[in-house]
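Here is a short briefing for a first look at a protein structure. Keep the model open beside the text as you read.

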Amino acid sequence: MEEEAHAPAEGGLTFHPLDQFEVTPLFGDGPVHFFTITNATMWMAIAVLAIFALFVLGTSRRSLVPGRVQSTAEILYSFIYKMVEDVTGHDGVRYFPYILTLFLFILFVNYLGLVPTSFTPTSHIAVTAVLGFGVFIAVTVLGFVKNGAAFLGLFWMKDAPLVLRPIIAVIEVISYFVRPVSHSIRLAGNIMAGHAVIKVFAGFAAIALISPVSIVAIALIYGLEVLVAGIQAYVFTILTCVYLKDALHPGH
Amino acid sequence: MEGNIADMGQFIGAGLAAIGSGAAAIGVGHVAGNFLAGALRNPSAAASQTATLFIGLAFAEALGIFAFLVALLLMFAV
């Protein structure tokens, strides 16, 4: 590792592809406490302000023929509303505000993270784990409140042969508790991997011989990342809907 | 070129973990390919199943991301 740090620019990478994920305080160089204003909290705040601007300021005029900003807000709203209604059914619509909040937050943080030199909070498992475990706890509590002990029927398959039921129950319990882990790591892993790949190719761009190829590759991967940012927000939201459906109707 | 045997093990392990990405690629391709095959036979039902498609893709892809995470942990966290 010692030699690599002193390597000349044309060999090896000139910067580390994972440096971009470093959380640093905005003011001063002190240690990061839970109340320190860092680049992560700043970009999350910008995302929240952007959502506020789109939804509160953009729809404040409530014109019958919506303008560009208002129709964007309406499309996002009705898209998620339809998803919640399709996946969880009519009684799931009560929880629509939570799901819309999750979707918009992840979508805006993902897209703002694609702005060059910005920071993507969703690339950190610490951020996505809060979202993922929040969904897990909310859904588990809701399942027990709505169904009582019948919620455990989610693990006890009535239509499986009796011999297999205990084995299936063990597998179902394990898969239930892995849900929040995979839910959060999927989002963080996708975003982090995409950004790291862009930075790896940016490192190759320093080598004169292959720099045109790598710059074209960056452009292509960036296009893919725009796609991934939207799809991962969508996937996180639809999985939340699926988990909510399991909590509301454990028998199905 | 010098280094200790533990570093070598890390790199070999990270490289082996990257095989998982290829396995996830097979899984994702399988999901998408089968969806397309079904969608072309019955295009009218395809639109209603896109949500299922994305859920299937997400589950297949999550395991590849786990492999990637193991590789990252081996490279930078161990």
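Helix 4 of chain B has 28 residues, and at 1.5 Å a residue it should span 40 Å. Its end C-alpha atoms are 38 Å apart, which agrees. The expected span is 1.5 Å times one less than the number of residues. Helices here are DSSP runs of H or I with at least four residues, strands are runs of E with at least two, and both are numbered from the N terminus.

This is a predicted model, where local features need pLDDT of at least 70, side-chain atom pairs count only at pLDDT 80 or more, and totals for chains, interfaces and linings use all residues. Residues are numbered from 1 along each chain as its sequence is written, while chains are lettered from A and ligands numbered from 1 in the order in which they are written.

**Helix 4 of chain B and its neighbours**

- The buried residues of helix 4 of chain B are B:Ala58, B:Glu61, B:Ala62, B:Gly64, B:Ile65, B:Phe68 and B:Ala71. Buried means that 20 or more other C-beta atoms, placed from the backbone, lie within 10 Å of the residue's own.
- These buried residues pack against helix 6 and helix 7 of chain A, and also against helix 1 and helix 2 (19–41) of chain B.
- The axes of helix 1 (residues 5–17) and helix 4 (residues 50–77) of chain B come within 8 Å and cross at roughly 170°. So helix 1 of chain B is roughly antiparallel to helix 4 of chain B (angles over 145 degrees count as such). Axes are lines fitted to C-alpha atoms over the stretch in contact, and angles run from 0 to 180 degrees between N-to-C directions.
- From helix 1 of chain B, B:Gln10, B:Gly13, B:Ala14 and B:Ala17 meet B:Ala67, B:Val70, B:Ala71, B:Leu74 and B:Met75 of helix 4 of chain B.

**Where the chains touch**

- In chain A, 14 residues are in contact with 11 residues of chain B. Contact means that C-beta atoms, placed from the backbone, lie within 7 Å.
- Helix 3 (68–88), helix 6 (165–204) and helix 7 (211–248) of chain A each supply at least two residues of the side that touches chain B.
- Helix 6 of chain A gives the most, with 6 residues.

**Chain A overall**

- Chain A has 7 helices and 0 strands.
- Its C-alpha atoms fill a box of roughly 65 × 55 × 40 Å, taken along the principal axes.
- Of the 252 residues in chain A, 26% are buried.

Technical notes
Contact = placed C-beta atoms within 7 Å. Buried ≥ 20, exposed ≤ 12 C-beta atoms within 10 Å, placed from the backbone. Parallel < 35°, antiparallel > 145°, perpendicular 65-115°, else oblique.
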